[in-house]
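Me: I've got a model open and want to talk through its pockets and the ligand. Can you take my questions as they come?

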Amino acid sequence: MSNDQLQLFGGDWTEQKLNILAGYLRAYNNALKKQPFTRVYIDAFAGTGYRQRSRKLIACPGIFQDIEESDAQMFLKGSAKLALEVDPPFNKYVFVESDPEKVAELELLKKSHPDKAGNVEIVQGDANKYVQKYCKNMTSMMRAVVFLDPFATQVEWTTIEAIARTKAIDVWILFPLMAANRLLANDPAKAFRAPLDRIFGTQDWFEQFYCTHKEADIFGQSLETVQKKCNFDSIGKFYLKRLETIFAKVAPKPRIFCNSRGTPLFQLFFAVGNKNGAPIAVNIANHLLEKI
Ligand SMILES: C[S@@+](CC[C@H](N)C(=O)[O-])C[C@H]1O[C@@H](n2cnc3c(N)ncnc32)[C@H](O)[C@@H]1O
């Protein structure tokens with residue numbers, strides 16, 4: 001595997017994100033293993049299955065347990081690889097990725113797990129389109145965990161709605177806090193309305209995040225100015241409320257991931273569609289979100 005075929009993203013928070021996911025996948029399969037459902041893992045932004053270690057991490061060997069012997073200097077496992085290693089296993093794995101070179105890497109990953117290869121489907125395409133179609137075709141005997149791990153604002157609200165409608169999916173969503181904050185420009189006329197509508201699934205964000213001031217100008221005439229009045233916290237809370245309108249239960253304290261300067265980049269949300277499974281699923285997620 002060459003360097004340019006690897007994933008280059010994230011910092012220590014990526015490690016935490018993936019540990020939370022892997023912990024949940026293990027707990028999920030343990031909890032459902034005696035039930036008659038077909039358990040599916042859908043990684044909608046799958047990457048290659050690997051990611052490259054940062055220089056900082058290479059300088060501190062031995063602190064991560066999930067590094068393969070042969071790759072110890074360069075590679076860490078990505079979500080697809082971690083999912084394939086979860087024990088008990090899923091009955092089916094779906095890896096969706098838009099980049100053809102990464103899809104080729106996923107095919108190699110599949111080959112390297114011959115015991116599971118028959119249960120792995122790799123799809124080159126758009127995550128939103130694929131997940132929405134998949135959700136429509138799910139049967140009552142299927143249960144799934146979906147991982148939505150985009151680089152930025154790729155996840156559409158219509159996809160989140162399709163997932164919630166199945167009432168059979170637990171979903172982890174990496175919400176792009178920093179990108180959303182940038183789309184909410186200081187000048188309301190310059191706010192990026194279309195992408196904001198697409199990620200929030202409503203136009204209510206405008207009322208939430210901009211306020212109108214009325215004051216008199218020097219001639220005594222009423223003057224209206226509209227100003228941005230939001231921060232990372234209020235953006236995250238708004239997204240949480242949106243999720244609560246369509247899912248049976250949502251983990252109340254999504255985890256914020258920051259860059260090295262302490263600025264929020266993403267927030268990891270967890271939501272459950274099935275009301276019977278929701279309390280235990282959210283308990284597990286809460287524990288992982290707090291402790292890892
Ligand atoms: C943050 S990376 C995923 C990392 C991966 N989950 C892991 O842990 O190894 C995001 C991935 O989504 C892919 N991607 C971007 N837009 C996409 C889309 N619309 N549909 C599917 N994949 C997309 C990118 O090529 C990239 O590989």
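Me: How do the residues lining the largest pocket divide by class?
Reply: This is a predicted model. The lining of its largest pocket has 13 nonpolar, 11 polar and six charged residues.

Me: What's the volume of that pocket?
Reply: About 460 Å³.

Me: And which residues lie nearest its centre?
Reply: F45, E97, D149, P150 and F151, out of 30 lining residues.

Me: Which element gives the most to the lining?
Reply: α1, with three residues. Each of α1 (12–32), β2 (50–52), β4 (92–97) and α5 (127–136) supplies at least two.

Me: OK, ligand. Where does it sit?
Reply: In the largest pocket. There are 20 residues around the ligand, and S79, E97, D126, A127 and D149 come nearest.

Me: What classes are in that shell?
Reply: Eight nonpolar, seven polar and five charged.

Me: How much of the ligand does the protein bury?
Reply: 92% of the 610 Å² that the ligand exposes when taken alone.

Me: Switching topic: how many cavities of 30 Å³ or more?
Reply: One. The largest cavity holds about 50 Å³ of space.

Me: What lines the largest cavity?
Reply: Its lining includes P150, L174, F175, I199 and Y239. By class, that lining has eight nonpolar, two polar and no charged residues.

Methods:
Residues numbered from 1 in each chain as written. Predicted model: local features only at pLDDT ≥ 70, side-chain atom pairs only at ≥ 80, totals over all residues. Heavy atoms only, no water. 1 Å grid on protein atoms, 1.4 Å probe; cavity = no way out; pocket = protein on both sides within 12 Å on 5 of 7 lines; lining within 4 Å. Points joined across faces, edges and corners; volume = space filled by probe spheres on them. Nonpolar A, V, L, I, M, F, W, Y, C, P; charged D, E, K, R; others polar. Helix = DSSP H or I, 4+ residues; strand = E, 2+ residues; numbered from the N terminus. Near = heavy atom within 4 Å. Areas by Shrake-Rupley, 256 points an atom, 1.4 Å probe, with all protein chains shown as cover. Sits in = over half its atoms within 2 Å of the grid points.
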